[in-house]
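Subject: Handing over the model

Hi,

Here is the structure I said I would pass on.

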Amino acid sequence: MYRYDEFDAAFVRSRTAQFRDQVARRLSGEISEEQFRPLRLQNGLYLQLHAYMLRIAIPYGVLSARQLEQLALIARKHDRGYGHFTTRQNIQFHWAKLEEVPDVLDLLADVGMHAIQTSGNCIRNTTADPYAGVAIDEIEDPRPWAEIIRQWSTVHPEFLFLPRKFKIAITGAAEDRAATLFHDIGIRIVKGKGGETGFAIYAGGGQGRTPCVAKEVRGFLPKAELLSYLEAVMRVYNLHGRRDNLFKSRIKILINALGIEEFRRQVEEEWSKMDRVSIDLPQEEYERIAAYFKPLPLVPGPITNEQVAARRKSDAAFDAWMRNNVLPHRVAGYGIVNVSLKKPGMIPGDATAEQMDVVAGLARKYGHDEIRVTYQQNLVLPNIALADLVAVYDTLAEADLVTANTELISDIIACPGLDYCNLANARSIPVAQEIARRFADQSVAEDIGKLRLNISGCINACGHHHSGNIGILGVDKKGTEHYQITLGGSPKDDAEIGTILGPSFPAEDVADAIETIIATYRANRLEGEEFLATYRRIGRDPFKAALYGNPEAGTRSDRQLQEA
Amino acid sequence: MPNIITANLLRSGDVVYFAGEGGWVRQISEAKVAYDKEELAELEEEAQRDADQNLVISVYAMDVDLVDGRPEPRSVRERIRATLGPSV
Amino acid sequence: MRIYRHKAFVEDTWKKIGDEEAIGEDSGNIVVSLARWRAEPDLATRANVGVLLRPGDEPGDDANALTKVPLIVITFAKFTDGRGYSIARLLRERYGFQGEIRATGEVLLDQIPLMLRCGFDAFEIVHGPTIASLERGHLPEIAYSYQRPTGSQRRYSTAVRSREGAFVTTREHGNGAGHA
């Protein structure tokens, strides 16, 4: 994985010193809050419901054990002993203090981390497939390019005051595990006509008030030309994106207004005029960076292990964990271990400092020092040998990190919601907890099978509810928390935005509604058919009818019909 | 109406409520209540001085209900905020 | 009005002329809006006429003609409006503009290093604390940059380009500092 060299380290130290100076000038009153706010946002510091929130970048979701241990230390020393992993593969600390943040940034700089551009109207953390480099369906490892994009976009002087935030995601596998089509720019590694790999470039995806699936801007771009092409897109957006209305400032609005053909024309025209040689990386620089991501020298081994097999027979929980949370690795005899942060009853995506230390320790001892953060707000130990799985499981189990629900209904993606966030209309965590509780039974959850359930506490959609197979959106209905349910979204190659089923539900009825939806699915599914496929086959009506349609079903339905 | 003023301390980010001469307090029940527009305007002016002195940020007025003469938040958001932590 | 240029405050020798104001034969150094400059082509023939770009103005088809003016002033109505950074970069890098590029409007201390890197030379500043900081010689810049600088540091970037357009400029200088 990438390690900061002298230059990167000096850069981050310099930036930390700069922010320390900016904080001092704010505290002394030399700059006002209005002038300080964009600066603090560019360093990842938000003012939230209860306190400042510091969002730390985890570039393309990759962490070393040392870095994770440092995050644990920061959680203990400067926060309340825990952190929250986000849908952008970042970590958030919810109890930051402005006067301590420069010290926190120094601690981060010590391990080659920072909070630069995790907020504000600038290019944010570029996210990637969490299984990059180890997935069996990988075409090419996207991480070198994710690192290159990171460097290019960091304090890029032309693009720090964009019309709005800008999010880039990149994937290099057959399955899109980075939700690229819901990003401002989505980059996919594809094979060209001659068998060489290049990039398919998509733009204008997003969640929020106007969810959009990204449109193809360029079907094949030679890899060496990525940065200049990105710069062309950014410049068109910077110059022509709307700045008059906060809710109409994303690039998706510009693309929809111009139409994809005109947008593409503007980008290609800009690109054609650029002095690309001075922007695109020389081959040696690419190779220097790519060298950090060479595959580990893992020795292939047997794909069966006696200890694992025996334990699977005798321990149902371990068996379920193997079945759900351990995925096949590129190298025979290894597994990709999903570390679930979704134990029913806990806050989805949160990890305590102790839990972080446990995962870091396992990465050190068994995992070649590497951890990943997923878009679904879980962690991953991507390189665990089969022979070590039992030991890893037992250690994780002691720390409550073995819920066997990867990609199942209780693997809920949820934003922090009104419990933490200034923007929220409603709480998302208690809703997630109740749903997880209802589906905590392992055999029930596995019978339901793969299902993405996403919860957002407001229309900003940080929980990505639009792309959930089941999406739940918190709304404010006459001052009380209500929840609107959508069905049929997907964040993958078959990207789709979910459709609203009907009127919203009060908080206490949401879990019942989800149970009704699941019951409808089970009643109608074909053998082996997953939720999304059933929904696409039978459509919205059976679900709508089950939730709202029957006036004789009782007071709940009556109330909802009245609200319709 | 009635209203109180709330903000966050600049340095720590702590949620605080304006208690007039009592300064800024953590417990909403101790906040000074404004019963009409004039009182609110006065309270806002005083609170703004502390913002200008870089003590607090994000100063705003919020609706309250009076229970036993003490202010309690009216909105869900402010109810959660007044507990000084998440509901979970 | 004093202008901050090359790390010092100097008197402004240019006068902004409104769109309706009369322009005499010996008006001295004047700055007119892009709209006026386009509408009155004879202004382009005068040596002492600079052009003011308002937010949203783009050189467009006049870019080449604009390269001959001595001064271009780019307006930041709000410091959060980032269009000026792209305009300045385009003027320097694409059109080879060699004259002065000046920032006006809401120009604040923390944006000045970014503007310098995009090709701005000079700054009209009204914000008191910014002026005070600059008078103390305090400019909060980062000495390291991942992107090649432009504009008034053109000589530096040309030297870098001779190293085959190295993307991360400062790497080539050992562990040294970034732009000049």
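Before the notes, a word on names: helices (H or I, at least four residues) and strands (E, at least two) are DSSP runs, numbered from the N terminus. Residues are numbered from 1 along each chain as its sequence is written, while chains are lettered from A and ligands numbered from 1 in the order in which they are written. Keep in mind that this is a predicted model, where local features need pLDDT of at least 70 and side-chain atom pairs count only at pLDDT 80 or more, though totals for chains, interfaces and linings use all residues.

The loop between α12 (353–366) and β14 (370–373) of chain A holds A:D369. Its phi is positive, about 70 degrees, although A:D369 is not a glycine. For exposure I go by C-beta atoms placed from the backbone: a residue is buried if 20 or more others lie within 10 Å of its own, exposed if 12 or fewer, and partly exposed in between. A:D369 has 18 C-beta neighbours inside 10 Å, so it counts as partly exposed.

A:E407 also has a positive phi of about 70 degrees without being a glycine. You will find A:E407 in the loop between α13 (389–398) and β16 (413–414) of chain A. It is partly exposed, with 16 other C-beta atoms within 10 Å.

**Strand β5 of chain A and its partners**

Now look at β5 (residues 91–96) of chain A. Six of its six residues are buried, so the strand is largely enclosed by the rest of the structure. Strands count as paired here if DSSP finds at least two bridges between them. Strand β2 (residues 52–56) of chain A pairs with β5(A) in the antiparallel sense over four bridges, and A:R55 stands opposite A:Q92. β4(A) is also antiparallel to β5(A), joined by two bridges, with A:H84 opposite A:Q92. The hairpin of β4(A) and β5(A) has five residues between the strands, and A:Q89 takes a positive phi near 65 degrees there.

**A helix with a buried side**

Which residues of helix α18 (541–549) of chain A are buried? They are A:F543, A:A546, A:L547 and A:Y548. As background, an α-helix has 3.6 residues a turn, so residues three or four places apart point the same way.

**Domains of chain A**

An automatic or database domain assignment supplies the bounds: domain 1 (6–110), domain 2 (127–292), domain 3 (306–398) and domain 4 (413–563) of chain A. The C-alpha centres of domain 1 and domain 3 of chain A lie 28 Å apart. Their contact takes 20 residues from domain 1 and 20 residues from domain 3, where contact means C-beta atoms, placed from the backbone, within 7 Å. On the domain 1 side, the elements giving two or more residues are β3 (62–64), α3 (65–78) and β4 (82–85) of chain A. α3(A) has the largest share of that side, seven residues.

**How the chains meet**

Two pairs of chains are in contact, and chains A and C share the most contacts. Chain B and chain C do not touch, and their nearest C-alpha atoms are 15 Å apart. In the pairing of A and C, 33 residues of chain C are in contact with 36 residues of chain A. The elements of chain C that give two or more residues to its side are α3 (83–94) and α4 (112–118), and α3(C) gives the most, with six residues.

**Chain C and chain B on their own**

Chain C comes to six helices and eight strands, and buried residues make up 40% of its 180 residues.

Chain B has an open sheet of five strands in the order β3-β2-β1-β4-β5, with antiparallel pairing. Its edge strands are β3 (24–25) and β5 (70–73) of chain B, each of which pairs on one side only. Strands β1 (residues 3–9) and β4 (residues 56–67) of chain B run antiparallel and are joined by six bridges, and B:I5 stands opposite B:A61 in β4(B).

Cheers
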